[in-house]
Structure formats: C-alpha cells, structure tokens
Amino acid sequence: MYPIIVHMKKFIPLASFLFSVMISSAQENSVYPNGENIRPPSSQAWGILFSYGAVNFNGDIKQYDFGTATQEIGDFDELRYAYNVGIRRTLNEGVIELSFSKGEMAGLKRYEGEGDDIVHSRDEIYDPYNNFVGDGEKFQNKFIEFNASFLYPLEELNTYFTDFDVSVKAGAGMNIFTSQKQDLFTNEHIYSYGYEDDVNGDNKNSWSSAPKTSVLSIGLVGEYGITKELNLIFESTYKTSMDDAWDATLVGDNDSYYYFGIGVAYNVFDY
C-alpha cells in the first residue's frame, strides 16, 4: 500500500509541541505581573514579520480529504512549503498586516490502487486534450501571493495568559501561479495553467503574465512574547481561491489550501 502522511506528520507534531510549551510557559513562568502582557497593546507600533510553514492543498487532485499522500515512484509528496514576509501596524483594536508569500502546492490522485488504499473514479478526470491514458495524476503549483489581513485579538481567551495572545486572522489577496498536471507514474504532460503552450506544457509564463486569482483567508494566530519587541508566532490559516485552477483541473468546487506556519514578529519602532 502506498504510504500516507496523515494530518501533516512531518510538521504538525513539532508545531503542536512548541505551541503547548509556549502556552504552559506563558501561564506559569512569566516574569511579568499576572495579567500583564509582555508587549502591551500600542496604537503606535510598526513591525515586520516572517514565517515559514507547511502547505496542505485541498481540491480536485487530492488523494485524501485532509492527510497528505506520497508516491514512491518519482519521489512525489503532496506536502509542500511556503514562506511569508510582511509589515504590520498594531492598533488598539488589533493588527493590520500586509504580506508577501511564495511557495508551492501539490496533489496526487490514484485510479488504480493496492490493498485498502483509496481508488478514485475515472469520471473525475479532467483531460481536455486527451493526453492522459494512465492510472494516476499529480500536479505541482508554484505561486506568489499578496495579502492584506486584520488580526482581531480574542480578549476573553487572552485573559488566561500573561505573555501569550491569540487572534482571529481574516484577509483577502491576490494569488499568481503556474500549475502543471502530469501522469503520476510516467510524468507525461496532461494539462497546465500559466504556460504559453498549455497543451504540451511548454514555456512557463513569467509572474507578470501568469494566471491570477483572488484569495480569501481565515485562521488563528498565536503570539508568544520573547521580549517587548519580539514575538514568536504560530499561524493556522485556511485560504480559498475564487476559481478552480490551482490544480489545473476544472471539475469541482473552488480550490483551497491550509497553511501551518511558525515565525517571528518584531516591532521596529513606535510612531
């Protein structure tokens, strides 16, 4: 049976462990007075942020609902990664973020399998040029993304912590991407987006001429205060596209992905 990496086994255990340690430390070992945040809210703070994390795609070319799959032949893995950099403005009501992300998405789908592995119906195949004659598909998407987000602090929850804050993050942005779908076993081209020749997958477009789509996002962000200026951040965000092209397959609902990231936020100056 093909191996499966269920519930982000390469990434989530470490993130969950660190998350638990930071919460415990925030509750029990703070050097600040009980109930006083390590970085008091400010309406004057400007800062920068950086995070890196896992991308779990959700769309038409996806073997499992949430877990990620791998293919030993060709060394293909659905689990991919992205980084995020940006600037932030801290207000009394929350935080405004303007960010840039760059990363990858990937997925695979099997129409023949072994043992108790999931086998999908061939009725779901999207192959407008009749390039596909195999037993499985895969795609790889490379993207850049621009987002504007607002972080709204969960004040009632945050009263339980001294130097740890949790916020709801909501935003919108633009995703620019190229995507190629291939045979899972032979790597033969099936279909693509963002290529001058989508039929054969030749001549990938530059970012300036690649396909674009709008993105909406919602998630949670936890911030642990290391110093008054520096926070360790944990982010879990769900992002959905306004179309169905990220996996070069137009047969279902709009595509989406989960981002699980760890990073830092630093207040540069108050103004």
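**Figure 1. Pairing of strands β2 and β14 in the predicted model.** Strands β2 and β14 run antiparallel and are joined by 14 bridges. The structure shown is a predicted model. Within this pairing, Trp 46 has Phe 269 in β14 as its bridge partner. For the protein as a whole, the secondary structure comes to 2 helices and 14 strands.

**Figure 2. Strand β13 and its two pairings.** Strand β13 spans residues 230–241. On one side of the topic is β12 (residues 212–225), which runs antiparallel to β13 and is joined to it by 11 bridges. A hairpin of 4 residues connects β12 to β13. Gly 219 has Thr 237 of β13 as its bridge partner. Strand β14 also pairs with β13, again through 11 bridges and in antiparallel fashion. In that pairing, Asn 231 has Ala 265 of β14 as its bridge partner, and Lys 239 stands opposite Tyr 257 of β14. Of the 12 residues of β13, 9 are buried, so the strand is largely enclosed by the rest of the structure.

**Figure 3. The largest nonpolar core.** This core has 20 residues, and Met 105, Trp 246 and Tyr 257 are those with the most contacts inside it. The most come from β9, which gives 3 residues.

**Figure 4. Surroundings of Tyr 257.** Tyr 257 is one of the residues with the most contacts inside the largest nonpolar core. Leaving aside residues up to four places away in sequence, Tyr 257 touches Val 55, Asn 56, Phe 57 and Asn 58, and also Met 105, Phe 143, Glu 145, Thr 237, Tyr 238, Lys 239 and Trp 246. Met 105 and Trp 246 are themselves among the residues with the most contacts inside the core. Lys 239 is the residue that stands opposite Tyr 257 in the strand pairing. Polar atoms also take part here: the side chains of Tyr 257 and Glu 145 are joined by a polar contact of 3.1 Å.

**Figure 5. Glu 145, a buried acidic side chain.** Glu 145 lies in strand β7. Its relative accessible area is 0%, so Glu 145 counts as buried, the limit being under 20%. The side chain of Glu 145 makes a polar contact of 2.8 Å with the side chain of Asn 175 and another of 3.1 Å with that of Tyr 257. Apart from residues up to four places away in sequence, the residues touched by Glu 145 are Ser 99, Phe 100, Ser 101, Met 174, Asn 175, Val 215, Lys 239 and Tyr 257.

**Figure 6. The salt bridge between Lys 181 and Glu 137.** The closest N and O atoms of Lys 181 and Glu 137 are 3.1 Å apart in this salt bridge. Lys 181 lies in strand β8 (residues 164–183) and Glu 137 in strand β7, so the pair ties together parts that are 44 residues apart in sequence. Lys 181 is buried, with a relative accessible area of 0%. Glu 137 also counts as buried, at 0% relative accessibility. Side chains of opposite charge can pair when their charged atoms come close. The structure holds 10 salt bridges.

Figure 7. Lys 169 and Glu 235 form a salt bridge in which the closest N and O atoms are 3.0 Å apart. This pair links distant parts of the chain, with Lys 169 in strand β8 and Glu 235 in strand β13, 66 residues apart. Both residues, Lys 169 and Glu 235, are buried. Salt bridges that share partners join Lys 169 and Glu 235 with Arg 88, Glu 97 and Glu 223 into one network. Arg 88 is buried, with a relative accessible area of 1%, and Glu 97 is buried at 4%.

Key
Residues are numbered from 1 along each chain as its sequence is written. This is a predicted model: local features need pLDDT of at least 70, side-chain atom pairs count only at pLDDT 80 or more; totals for chains, interfaces and linings use all residues. Side-chain values use heavy atoms; hydrogens and water are left out. A nonpolar core is a set of buried Ala, Val, Leu, Ile, Met, Phe, Trp, Tyr and Cys residues joined through side-chain atoms within 4.5 Å. Buried means under 20% relative accessible area, exposed over 50%, partly exposed in between (1.4 Å probe, protein chains only). Contact means heavy atoms within 4.5 Å. Two strands pair if DSSP finds at least two bridges between them. A polar contact is a pair of N or O atoms within 3.5 Å; within protein, one must be able to donate a hydrogen and the other to accept it, and residues adjacent in sequence count only if both atoms are side-chain atoms. A salt bridge is a side-chain nitrogen of Lys or Arg within 4 Å of a carboxyl oxygen of Asp or Glu.
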